[in-house]
2 protein chains.
Amino acid sequence: MRVNQQIEVSATHPYSIFLGASLEDLGEFLEQKIGSSHHLLVITHPTVGEYYLQRLLKGLLAFQYDILYVPAGEEGKSLEQLSALTSEAVACGADRHSVVLALGGGVIGDLAGFFASIYMRGIPFVQIPTTLLAQVDSSIGGKTAVNHPAGKNLIGSFYPPLAVWTDFSTLQTLPWEEIQNGLAETIKHAVLGDAELFLFLEDHRQEILDRVPEIYRELTTRSLQVKVKVVSEDEKEKGQRMLLNLGHSFGHALETEAVYRGITHGQGVSIGLIAAAYLAKARGLINAGEVQRIFSLTKGLGLPVSVQGKDPNTLLHLMEADKKNKNGQKILILPDSIGHALVVRDAQDEEILKAWEKVITE
Amino acid sequence: MRVNQQIEVSATHPYSIFLGASLEDLGEFLEQKIGSSHHLLVITHPTVGEYYLQRLLKGLLAFQYDILYVPAGEEGKSLEQLSALTSEAVACGADRHSVVLALGGGVIGDLAGFFASIYMRGIPFVQIPTTLLAQVDSSIGGKTAVNHPAGKNLIGSFYPPLAVWTDFSTLQTLPWEEIQNGLAETIKHAVLGDAELFLFLEDHRQEILDRVPEIYRELTTRSLQVKVKVVSEDEKEKGQRMLLNLGHSFGHALETEAVYRGITHGQGVSIGLIAAAYLAKARGLINAGEVQRIFSLTKGLGLPVSVQGKDPNTLLHLMEADKKNKNGQKILILPDSIGHALVVRDAQDEEILKAWEKVITE
């Protein structure tokens, strides 16, 4: 069993992230960690299953397991899907000692993780992130959720996994649009907490576009380290962790306005990041040169830096529903240098509108 | 603000149980504990609301609050109801800083507690148990759940409340059948962990039937202390806490067979307790005199000690679905004296069948 790197996350129940692991070796790890007497529930979706399931199952010969498929996409993250998973889990005899293996991207991780957190009041689960977004971001930090007609990720839990098992080889088959979702979060992590990572991204722009594996290993590792550091200090999102929402208040408004179709999460985040940078500059937190670097890197990696034909007032209004806000007050995360961000609680509607206008084209 | 007694529960997040508190005083407690800037979501059902809501609201003048009603009965404990609560909570502007007040019996506590545990990944909640069952049992220990077509309490969480606020005066308006549900758990607590409480119940049988308030204060306090002791030692039900399932493996099978109609939880538990006592005697754990005392007290408090016309094999089969079982093995809790119980992992189907036969009449 070879693993490039192992990162410990401190949480109510601490866990490890295994980087550069092989799907085939997860079984061996589980045998050592919990023994082979546990029934496993592999939750995945058909496309991911087609690519990686055989490799994973190769290592699970010692276990009794069942495979549950869920539909791909945000539609899968629903209470209905959760209820269906519950029925299937009972039907295949899953008990309190069963362990969930979440094989897939952010949707699978969120849904399977939330399912694990509430099935029989909680059974262990392992994150096996197969997308760049999941590897650098969503598999870390123990947040799980499903969507609800009244809001995205409205229902969920803080539920740390038993382990995060990251096999970089899955990135090679990932569509470019999926890569971009992860790159947007990577730029975000660099801006809010790692100036060196930002430089690394600037220096290797072409290799990133060319999908050079070693560069991805490096950016994935550095990016998730930013997240690990933040969530280790603030597991339940009481303070510091809010920094990870850089670009997201704006981005979520765009996603909500588009009803999560026609705009990816990564596109929302990258436009949101640019809006946040403009607002930060207007407040004198960063200078024009820093805005330009964020703008250039984002654009240079093929991510959108503006959106067409939206109404700023509609988007402003949609930001109000954000669950991080207290008593209707808008809380924004803004960079105050490249590599550092802060929580701003007194942002006025006018300045937010101006930031929106800067990223909206006719 | 007057409280008869305050009991501390040690948990991931420790909390207090306030005994002999007044509904009118909860607001004052909350102002001191968290301040009055939090929005409150009172979750109750219409009948409970009619009796107690005005008294509770009298103390909440300093707060902004909304009242959400859910249907009474186990039917209310569903994912559909949870989804409806979510929509209503969003509609009245509940955010991450809102606090849920669960005013009612076990169903309200389970549903509102589970809702609080997953709405926006968890908001605080206060248990305000208004039934004897909720006061002596379900409001303590941080277990929340909803039912699912595939099983009762199949979906839930461990989520300690901010506080448990117990006003004994609510017991005076409670229907006798509801009192019985609480008495069944009280006898169970006495058998598994408090020989003195058992004696107290034997000595005050008539006062209990006559609903003498002071006797209820005493039995409620002693009964919940048994539970507090057990759950403080085992928050997540890894070991010791299983003792609280005394009578429940049998009882749940009866409830499931009756599809939760025609048999109350208390009736299931009391018949289950008798079955467990017979099985314990067959194993030589307790003697005939002890079985007789358990039988007499249960019957003397008007609780059923047998059930008519059931098929033991069907009930045996229904016990297998219990989520406390590991790898299909049946785990039973049996008394080994009045005041002490143990976990039995090697119970055979034949002896369980014999115990069923002893409580089934033609």
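Which residue forms a salt bridge with Glu24(A), and how far apart are the closest N and O atoms?

## A salt bridge in chain A

The model is predicted. In it, the partner of Glu24(A) is Arg55(A), with 2.8 Å between the closest N and O atoms of the salt bridge. The two residues belong to distant parts of the chain, being 31 residues apart: Glu24(A) sits in the loop between strand 2 (15-19) and helix 1 (26-34) of chain A, while Arg55(A) lies in helix 2 of chain A.

Side chains of opposite charge can pair when their charged atoms come close. Over all chains, a search of the whole structure finds 32 salt bridges.

## The interface between chains A and B

The size of an interface is often given as the accessible area lost when the parts come together. For chain A and chain B, about 3300 Å² is buried between them, and 56% of this area is on carbon and sulfur atoms. Chain A contributes 36 residues to the contact, and chain B contributes 36 residues. Across this interface the count of salt bridges is 0, whereas 8 residue pairs, both members at pLDDT 80 or more, are in polar contact.

On the side of chain A that touches chain B, at least two residues come from each of helix 3 (79-91), helix 4 (106-118), strand 7 (143-148) and strand 8 (151-158) of chain A. Strand 8 of chain A gives the largest share, with 6 residues. By residue type, this side of chain A divides into 11 nonpolar, 16 polar and 9 charged residues.

## The sheet of chain A

In chain A, 7 strands make up an open sheet with mixed pairing, in the order 1-2-9-6-5-3-4. Strand 1 (5-9) and strand 4 (65-69) of chain A are the edge strands, each pairing on one side only. From one strand to the next, the twist averages 20 degrees. Within this sheet, strand 5 (residues 99-104) and strand 6 (residues 125-129) of chain A pair in the parallel sense over 5 bridges. Gly104(A) has Pro129(A), in strand 6 of chain A, as its bridge partner.

Two of the helices that pack on the sheet can be described here. Helix 2 (residues 46-58) of chain A touches strand 3 (40-44), strand 4, strand 5 and strand 6 of chain A, and its direction makes about 125 degrees with that of strand 5 of chain A. Helix 3 of chain A touches strand 3 and strand 4 of chain A, with a direction at about 155 degrees to that of strand 4 of chain A. Helix 3 of chain A also supplies at least two residues to the side that touches chain B.

## The sheet of chain B

Chain B has an open sheet of 7 strands in the order 1-2-9-6-5-3-4, again with mixed pairing. The twist averages 20 degrees from one strand to the next. Strand 1 of chain B pairs with strand 2 (residues 15-19) of chain B over 5 bridges in the antiparallel sense. Glu8(B) has Ser16(B), in strand 2 of chain B, as its bridge partner.

Helix 3 (residues 79-91) of chain B packs on the sheet and touches strand 3 (40-44) and strand 4 of chain B, its direction making about 155 degrees with that of strand 4 of chain B. Helix 9 (residues 213-233) of chain B lies across strand 1 and strand 2 of chain B, at about 20 degrees to strand 1 of chain B.

## A hairpin in chain B

Strand 11 (residues 332-337) and strand 12 (residues 340-344) of chain B run antiparallel and are joined by 5 bridges. Leu334(B) has Leu342(B), in strand 12 of chain B, as its bridge partner. The two strands form a hairpin with 2 residues between them, and Gly339(B) in the turn has a positive phi of about 115 degrees.

Note on methods:
Residues numbered from 1 in each chain as written. Chains lettered and ligands numbered in written order. Predicted model: local features only at pLDDT ≥ 70, side-chain atom pairs only at ≥ 80, totals over all residues. Heavy atoms only, no water. Contact = heavy atoms within 4.5 Å. Buried area = accessible area lost by both parts, 1.4 Å probe. Salt bridge = Lys/Arg side-chain N within 4 Å of Asp/Glu carboxyl O. Polar contact = N/O pair within 3.5 Å; in protein donor to acceptor, adjacent residues only side chain to side chain. Helix = DSSP H or I, 4+ residues; strand = E, 2+ residues; numbered from the N terminus. Nonpolar A, V, L, I, M, F, W, Y, C, P; charged D, E, K, R; others polar. Pairing = 2+ DSSP bridges. Axes fitted to C-alpha atoms, helices over the stretch in contact; angles between N-to-C directions.
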